[in-house]
Every structure is written in structure tokens, then in C-alpha cells.
Amino acid sequence: MKSKSSIGSSIISVVVVAIVLLFSITSCTNPSTPAGHEGYVFEQPRFFGSGGYQGSLVGPSNYGFSPLRNQVVNIDMRPNTYTERFEILAKDDLNISFDFHAIIAIKPGSVKEVVENFGSENWYQRFVRETFRTYVRDEVQQYDSRALKGKREEIAETVTKRLKAYLQSAPFDIKQVVIGNINYPNIVANAVEKKLAAQQLLAEKETQKAIAKKDAEIRIEEAKGIAEAQKIINATLTPNYLQHEAINAQLKMAESPNHTTVYIPVGTNGIPLVKESR
């Protein structure tokens, strides 16, 4: 017959085992990874297990239930746009503000390297961001503010090449670098507006000048026409022609029953003086 002490020890052992089993069952995990991501599965042991990296997942997928407290860090492998805002002094000491956009993806199958060597989810901030900003400053400061808009594609291409060289041995792929809107200080914007207004006014003046020139040419041609007409008329107004016209006018007026005009022929050619009767 067992003693009371041995029975008590057995009961305690059973309770401890039950508690451990219950704790293990309730502590099971099932790490999962969504589409477009890769998962870094690692262990956080409590009573047993070595801990650390356990494997990788390519989403969408699950790692499976595990009593080893497995967890997962999911890394987005898709191309994402990382935007940096700048206010940089150009070569002519004007402060220019603009956005630079870098489209970067993580190379497939590299989630272990990203987590262990490049800062996990913070890989961009820790490994890419400051270098990216340095390259942008280097290129922008080579140009005057007025030249930046015309050189934006060239600047973006140079920054892209430098970033690709920097990330050549890293698990990151530069897809594209794009410059956003370039904003000049208000003093520059106002000066540009005044220049455009002056150019528009000058264009209007040139148009008015051309119209005035055409109007003058028209008046000259009209004057030439009048002068030519007068020349022709003067050539035809001979004394005999004037006398003939005067006589015809007198006959017409004399035949009118309502006329009150008195004609007094004077001169050698019979052209009358005209006097209105009252």
C-alpha cells in the first residue's frame, strides 16, 4: 500500500504535466503570410527549442501549427514607391522644393537576408534612404534653378544609375526614379509671371503695329486711287466740255416748271453765275 506522501507526489507530478501540456497546446501558433509577401519564420521558445530562423513562406501560405512559439515577419516584396521631399539650394543659391519618387522592389527569395542583414521591415530607412537623398542633392546642386526643369529626366537617370550601382550586391531592385513637381520661391514665380505678361503685351504691340502698317498701306493705296481719279478728271475737264455741261444744265433747269433760279451767262464760254432768288 502506497504511503500518503508518494500518492501526493504522484498527484503533483500529474498536475505539473497537465499544466505543461495545457500551456503548450494553448501556446501553439500558425504563422501565415499574405499574397505579395515573403515570411521570415522564427522561434521564440519558452521551455524547449533552440529559437531563431525556422524557414521562409511565400504568400499566400501558412507555416502550420507549432508548439514552439513560431512567429513570422512578413516583408512586402512588391514594387513600392518611396517618396522623399527636398528643399535644396540650386547652383545659383535659390531654394528649390520638389519630390523625388523611387520605385523599389525586393528580389524574390531574399526575405532571410533582408531580415537578418538589412533591418527587416525598416530596410529602406536603414539602408537606402540617406544614400538616395545624398545622390539627389549631389545632382541637383550642379544646376541653376532655371535649368532644373529641363534637366529633370537627366537628373533622374543619373540618380537611378548611382542607386543601382550602390544596391548591386543587395537584395533590392530599382525599377524607376522620377522627379515630381519642381516649386520655385515666390519671388521667382512672380518674376516669371511678370515676364510672361510682358511677352504677351509685346506680342499684342507687335500685332497692333502690323495692323497699323496695313491700315497705312490701305490709306496710301486709297490716296493713290483718288489722285489717279483726279488726274483723269482734270484731263477731261476742257473748256468746251465744261461749256457743254453748263448749257445742258441750264436747259434742264429751264424746262423744270418749279425752278426759281436766274441764270446770267457771263464769260466767253457761256458758263453762268448762279444766284438763288428769294
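Guide: What follows is a conversation about the chain, its rings, its core and a few local features.
Guide: Please keep in mind that this is a predicted model, in which local features need pLDDT of at least 70 and side-chain atom pairs count only at pLDDT 80 or more, while totals for chains, interfaces and linings use all residues. Residues are numbered from 1 along each chain as its sequence is written, and side-chain values use heavy atoms, with hydrogens and water left out.

Visitor: How many helices and strands are in the chain?
Guide: The chain has 6 helices and 10 strands, where helices (H or I, at least four residues) and strands (E, at least two) are DSSP runs numbered from the N terminus.

Visitor: And what percentage of the residues count as buried?
Guide: Of the 278 residues of the chain, 27% count as buried; here buried means under 20% relative accessible area, exposed means over 50%, and partly exposed lies in between, with a 1.4 Å probe and protein chains only.

Visitor: Let's turn to the rings. How many aromatic pairs does the structure hold?
Guide: It holds 14 aromatic pairs. Rings of Phe, Tyr and Trp (its six-membered ring) pair if their centres lie within 6.5 Å, and planes under 30 degrees apart count as stacked, over 60 as edge-to-face and the rest as tilted.
Guide: Tyr-82 and Trp-123 make an edge-to-face pair, at 5.5 Å centre to centre and with 75° between the planes.

Visitor: Where in the chain are Tyr-82 and Trp-123?
Guide: Tyr-82 belongs to strand S6 (residues 80–89) and Trp-123 to helix H3 (residues 123–140), 41 residues apart, so the pair links distant parts of the chain. Tyr-82 counts as buried because its relative accessibility is 18%, and Trp-123 is also buried, at 4% relative accessibility.

Visitor: Why is the pair of Trp-123 and Tyr-124 called edge-to-face?
Guide: Their ring centres are 6.1 Å apart and their planes stand at 90°, so the pair is edge-to-face. Tyr-124 counts as buried, with 4% relative accessibility.

Visitor: Which residues form the aromatic cluster?
Guide: Tyr-82, Phe-118, Trp-123, Tyr-124, Phe-127, Tyr-166 and Phe-172 form one aromatic cluster.
Guide: One of these, Tyr-166, also has a polar contact of 3.5 Å between its side chain and that of Thr-131, a buried residue at 18% relative accessibility that has its place in helix H3. A polar contact is a pair of N or O atoms within 3.5 Å; within protein, one must be able to donate a hydrogen and the other to accept it, and residues adjacent in sequence count only if both atoms are side-chain atoms.

Visitor: Which charged ends sit over a ring?
Guide: The charged end of Lys-112 sits over the ring of Tyr-53, 5.1 Å from its centre, and that of Arg-133 sits over the ring of Phe-86, 4.4 Å from its centre. The rule asks for NZ of Lys or CZ of Arg within 6 Å of the ring centre and within 35 degrees of the ring normal.

Visitor: New topic: how many residues are in the largest nonpolar core?
Guide: The largest nonpolar core has 39 residues, and those with the most contacts inside it are Phe-98, Phe-100, Trp-123 and Phe-132. Such a core is a set of buried Ala, Val, Leu, Ile, Met, Phe, Trp, Tyr and Cys residues joined through side-chain atoms within 4.5 Å.
Guide: The largest share of this core, 7 residues, comes from H3.

Visitor: Why does the core lie between the two domains?
Guide: Domain 1 (12–76) and domain 2 (79–184) both give residues to this core, so it lies between them; the domain bounds come from an automatic or database domain assignment.

Visitor: What about Tyr-40, is it buried or exposed?
Guide: Tyr-40 is buried, with a relative accessible area of 9%, and is found in strand S2. A polar contact of 2.8 Å joins its side chain to that of Glu-116.

Visitor: Last one: where is the cis peptide bond?
Guide: A cis peptide bond joins Gly-59 and Pro-60, with omega at about 0°, and Pro-60 is found in the loop between strand S3 (52–58) and strand S4 (61–62).
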